[in-house]
Amino acid sequence: MPVVDRQEWDVVVVGAGGAGLRAAIEARERGARTAVICKSLFGKAHTVMAEGGIAAAMANANEHDTWQTHFRDTMRGGKFLNQWRMAELHAREAPQRVWELETWGALFDRTKDGRISQRNFGGHEYPRLAHVGDRTGLELIRTLQQRIVALQQQDFADTGDHEWGLKVFQECTVTRVLKDGGPDGGRVSGVFAYDRETGRFFVLQAPAVVLATGGIGKSFKVTSNSWEYTGDGHALALLAGAPLLNMEFVQFHPTGMVWPPSVKGILVTESVRGDGGVLRNAAGERFMFDYVPDVFKDKYAESEREADGWYDDPDHHRRPPELLPRDEVARAINAEVKAGRGSPHGGVFLDVSTRMPAEVIRRRLPSMYHQFKELADVDITAEPMEVGPTCHYVMGGIAVDSDTAAARGVPGLYAAGEVAGGMHGSNRLGGNSLSDLLVFGRRAGRHAAEYARALAQERPRVNGAQVELASAEALRPFSAAAEGEAGPPENPYTLHQELQQTMNDLVGIIRREGEMEQALHKLAELRLRAGRIGVEGHRQFNPGWHLALDLRNMLLVSECVARAALERTESRGGHTREDYPGMDRSWRNVNLLCALAEHPQGRIRLTRETTAPLRPDLLALFEKEELAKYLTDEELEGGLSA
Amino acid sequence: MATGTEHRHGGGGVRAPGRAAIAAAHLRTDRWWLAPACTAAGLLAFVAYSTWRAFANAHYYAAPYVSPFYSPCLAQNCRPMHGGPNADVFGAWWGISPAIIILIFPLGFRLTCYYYRKAYYRGFWASPPACAVAEPHRSYSGETRFPLILQNVHRYFFYAALLVAGVLTYDTALSFRDDRHHWGHMGLGTLVFLLNIVLIWSYTLSCHSCRHIVGGQLKHFSRHPVRYRAWRLVSRLNARHMQLAWASLISVALADFYVYLLASGVFDDPRFF
Amino acid sequence: MSGYEARFRVWRGDQEGGGLRDFTVQVNEGEVVLDIVHRIQATQAPDLAVRWNCKAGKCGSCSAEINGRPRLMCMTRMSVFDRAETVTITPLRAFPVIRDLVTDVSFNYEKAREIPSFVPPAGLGPGEYRMFQEDVDRSQEFRKCIECFLCQSICHVVRDHEENKQAFAGPRFLMRVAELDMHPLDAAAESGLDRKRTAQEEHGLGYCNITKCCTEVCPESIRITDNALIPLKERAVDRKYDPLVWLGSKIRRRPS
């Protein structure tokens with residue numbers, strides 16, 4: 001058995017995106033010695049891809065904006081399936097989280113009077129997104145990264161060691177969360193990880209672990225997500241005994257690039273539409289006017305004139321339908337393409353060239369200009385872009401306590417950011433992701449630090465047997481060729497491609513019962529074959545091996561998505577069933593929880609759970625007519641009489 | 001057909017221990033040597049020409065034109081120029097060409113100019129010859145020590161260059177006379193001088209030091225709207241600093257050569273009016 | 001516009017040594033060099049080490065040298081090469097190699113730590129910051145940096161002279177000093193830190209001989225030399241080489 005290096009920390013944060021870094025900063029500031037583990041280099045996390053902005057009701061652009069309005073927009077966007085307490089905390093705390101970034105050196109775009117400029121976005125009633133051109137995520141990551149460096153400089157001044165209280169283990173992957181009891185019991189005692197560069201294993205002992213690993217997009221073929229998005233945190237939580245919530249809700253961003261093939265799926269920011277871009281089909285029609293659903297009829301413009309007037313005079317015009325929530329726009333584009341009115345490469349046209357002068361486009365959408373010019377040879381100031389839906393975000397995730405971000409059932413485990421479920425309900429609004437990272441990253445860091453401090457005297461011990469199992473599990477792909485009893489070794493790249501194709505085709509944007517059953521069969525087959533994955537070479541920076549280990553996570557998470565999607569017999573937000581096209585009010589308060597359970601058909605068992613009714617003061621923020629579209633009559637009576 | 005494995009080797013730079021074992025000093029496949037070669041050739045040509053002209057001490061005045069190499073002319077041995085930029089500051093002891101006195105300033109301005117520094121560091125010093133092409137020197141201290149630390153005096157040459165440009169503007173005004181010093185005339189030489197002075201000013205004002213002094217040194221543009229506008233103007237020019245450096249270098253040589261041709265009697269200045 | 005077979009030479013090896021290996025790979029329309037590297041991985045060399053992440057030119061992970069020039073593999077379209085040309089891909093040659101196309105870029109993270117952080121102004125709480133767009137424009141340009149470290153890798157000061165790594169922060173981090181010095185609310189001066197002086201004295205600004213390779217190579221088209229390094233040099237001149245300023249400070253200091 002190889003000797004596994006061990007280190008002692010108070011809090012371990014897995015993931016160094018917005019949520020992970022914010023959690024680490026908070027934990028460190030509260031006195032916890034904190035380790036951050038990330039798969040990529042420090043500062044490269046997927047958060048850098050976020051373009052549009054951070055939603056926060058600071059009321060800089062429109063004085064009417066309040067946290068209540070933001071809360072309302074978030075609930076509407078999520079079709080009332082959100083964990084409402086999370087949505088409330090998020091709307092209340094987001095402005096503070098944005099302002100605090102400025103004290104760490106962030107430079108947002110400014111209003112005329114020197115405050116943070118805010119832009120329009122789909123589903124937000126007021127201009128609400130703090131932004132920096134179209135590279136807000138980069139600004140967020142860089143600011144947090146530089147804040148961490150600042151804390152390390154303080155530690156260096158005090159102790160002579162930069163990494164005394166806050167250390168980033170970059171290019172390392174966690175494969176197991178360790179506990180002091182058996183697989184079903186006990187508290188978190190640390191994590192088992194390997195260093196990608198050397199292939200060496202190590203254990204970080206810590207009573208509190210914050211999962212902030214992001215999403216699952218790499219299980220789909222067309223996605224805006226980077227290679228890191230393999231659902232690691234989701235799987236780690238499942239394997240540690242924590243349930244996942246509402247995994248059927250996967251957001252397909254309406255506008256990804258569709259051509260050339262090698263860049264298919266790369267994101268085209270929603271700011272393009274927020275700043276005036278319009279969607280047209282092959283016939284040149286602005287088709288979105290035909291797709292405004294009933295629940296939103298009174299909020300969106302009916303004519304092009306009315307829509308165009310909104311950009312300059314939002315108080316007297318209704319919003320253009322291009323700015324409907326993402327799920328609506330994605331379905332509309334999908335329908336247009338299916339009806340044969342798509343663009344040459346199977347998308348629709350997104351045009352800013354006829355809407356703004358070239359100079360303005362280059363200034364407001366610099367990275368989009370750059371991206372299309374460099375990757376597709378398209379000049380967006382002169383011609384329309386071709387766009388189509390791309391897998392972008394998972395609303396489902398680890399079931400957490402709304403206030404503390406603690407994962408259910410596993411003491412010491414916390415989750416924040418995309419990996420945590422519930423905040424966004426069935427569909428996330430653009431801009432709510434970055435604010436989610438900050439609000440709940442901070443909460444997770446705080447509660448993890450407090451939990452760790454409370455356990456100072458009697459820390460959970462790392463179970464040696466678990467370390468040995470984890471180590472054997474991680475090394476298995478190297479011995480596949482030698483085993484070979486059940487069949488030939490499998491190539492991890494091939495399996496990954498088959499998985500992506502399966503999820504894309506069978507559990508994609510429009511879902512059908514038969515196809516999802518087929519997907520579950522295919523996933524079962526892939527799981528068997530994944531048991532025979534073999535890799536070449538040695539442990540030092542071996543991407544084939546890394547992928548083989550990530551596949552375990554993708555397969556687990558994909559099964560969750562497929563099972564939950566099959567179970568929910570309605571269409572809502574990021575879950576669209578062709579066989580159940582309507583939203584069903586009786587499903588509104590039903591949550592589907594996935595837990596690990598070995599059975600002949602797979603490894604996931606589903607349970608249903610009802611959410612607590614909305615607090616009356618929050619319910620009172622909505623008109624009764626609107627609530628009637630979402631809540632059942634009984635809920636409505638019960639809630640309003642309370 | 002794989003090339004053989006190269007094992008660790010000593011050496012510096014891209015062959016330093018620890019770096020990827022690649023024997024070639026660079027792997028560029030384009031004509032990377034073309035740009036530094038052209039730069040070096042262009043600069044050498046100018047140096048050769050200006051050395052000849054500066055030491056010639058002749059053919060620099062053909063009324064109403066005075067060669068920019070000899071303006072202002074500050075010694076007793078200067079040719080008398082009616083109303084021209086003459087001033088006997090240095091007196092009779094100065095025996096060699098009076099151009100040398102004044103050329104120090106434009107030369108210093110260009111020698112310490114941020115663009116020309118790049119040009120000759122690359123073209124003459126090969127430090128580096130081109131991007132990602134290993135430089136031949138064993139050690140490098142940049143502009144941290146004498147003499148190159150003196151590059152930091154660029155802004156004083158900029159002030160001097162302003163004065164010189166002022167004198168050349170005066171010369172250009174004088175070129176609106178005829179050869180008997182009557183005002184209100186114009187010849188082909190006037191156009192040459194006009195072109196030159198526009199380029200000289202554009203180059204001088206597009207200087208990085210100028211950009212700094214005008215507004216770049218400020219922390220808050222919003223508190224200095226006039227300087228902010230000036231800074232933006234200079235910044236726009238500054239983006240073309242390289243082009244202006246070459247254009248003004250050629251134009252100043254051209255203006256001098258034009259005067260030389262007139263003064264040596266090769267041809268007469270075509271007069272417009 | 002159909003696909004074709006292209007020839008590649010990819011450096012494979014580690015600290016012990018290595019060399020260029022030949023591959024013949026299918027290339028399809030619209031592909032970039034990173035697509036080809038992935039195809040080599042999936043079909044011919046599953047353990048070929050390469051660092052990448054977003055594949056959209058936003059994260060700055062996939063830096064390597066293509067035909068001898070540092071570039072992002074995800075932003076280098078195959079269409080810029082002749083079909084008959086052999087494309088050579090090596091790791092960055094300014095940093096120690098780890099394996100194949102992956103280099104050890106820790107130099108940059110060490111340098112990042114040496115730059116004193118933003119100093120928040122005293123007396124201003126969160127939400128009270130007021131800054132004007134014209135005052136943040138300059139620093140915002142520098143904050144576009146995706147930290148691909150191509151400029152750090154191409155800069156001859158460290159690329160060709162390992163011994164200078166100690167004293168020289170490199171273009172990316174000198175630009176960081178410029179960014180903070182131009183930040184309208186950075187209170188370093190009030191706290192006794194003179195970024196203009198330390199740029200020269202501690203971060204090696206004097207090593208820069210403004211030969212502009214950093215600007216040429218920047219995938220974000222940041223004008224590093226003209227907008228960050230030269231202005232910073234001029235600011236250092238204000239402090240260190242301007243006799244008028246020096247004289248002024250002497251005179252003012254004497255009475256006290």
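Reply: Happy to. In this predicted model, Leu245(A) stands opposite Gly397(A), a residue of β17(A). Leu245(A) falls within strand β12 (residues 244–245) of chain A, and two bridges join β12(A) to β17(A), the two strands running antiparallel.

Stepping back, this pair belongs to an open sheet of four strands in chain A, ordered β17-β12-β19-β20, with antiparallel pairing. The edges are taken by β17 (397–398) and β20 (602–610) of chain A; each has a single partner strand, so one side of each is left without a neighbour in the sheet. As background, strands of a sheet pair through backbone hydrogen bonds, either parallel or antiparallel.

α16(A) lies across β12, β19 (590–599) and β20 of chain A, and its direction makes an angle of about 45 degrees with β20(A).

Between chains A and C, 50 residues of chain A are in contact with 48 residues of chain C. The largest share, eight residues, comes from α4(A). By class, the chain A side divides into 20 nonpolar, 17 polar and 13 charged residues.

Chain C also meets chain B. Helix α6 (residues 208–216) of chain B packs with helix α9 (residues 224–240) of chain C at an angle of about 70 degrees, and their axes are 10 Å apart. That angle makes α6(B) roughly perpendicular to α9(C). From α6(B), the contact uses His208(B), Ser209(B), His212(B) and Gly216(B), while α9(C) brings Ile230(C), Pro231(C) and Glu234(C). Sorted by class, the contact of α6(B) with α9(C) has two nonpolar, four polar and one charged residues.

Finally, a word on the rest of chain B. An unreviewed UniProt entry lists residues 32–52, 90–109, 156–176, 182–203 and 244–263 of chain B under "transmembrane region". Two of those spans can be set beside the model. Residues 244–263 of chain B are 100% helix and 0% strand, with the end C-alpha atoms 28 Å apart. Over residues 90–109 of chain B, the chain is 55% helix and 0% strand, and the end C-alpha atoms are 22 Å apart.

Notes
Residues numbered from 1 in each chain as written. Chains lettered and ligands numbered in written order. Predicted model: local features only at pLDDT ≥ 70, side-chain atom pairs only at ≥ 80, totals over all residues. Contact = placed C-beta atoms within 7 Å. Nonpolar A, V, L, I, M, F, W, Y, C, P; charged D, E, K, R; others polar. UniProt positions renumbered as here; feature names shortened; annotations may be inferred. Axes fitted to C-alpha atoms, helices over the stretch in contact; angles between N-to-C directions. Parallel < 35°, antiparallel > 145°, perpendicular 65-115°, else oblique. Pairing = 2+ DSSP bridges.
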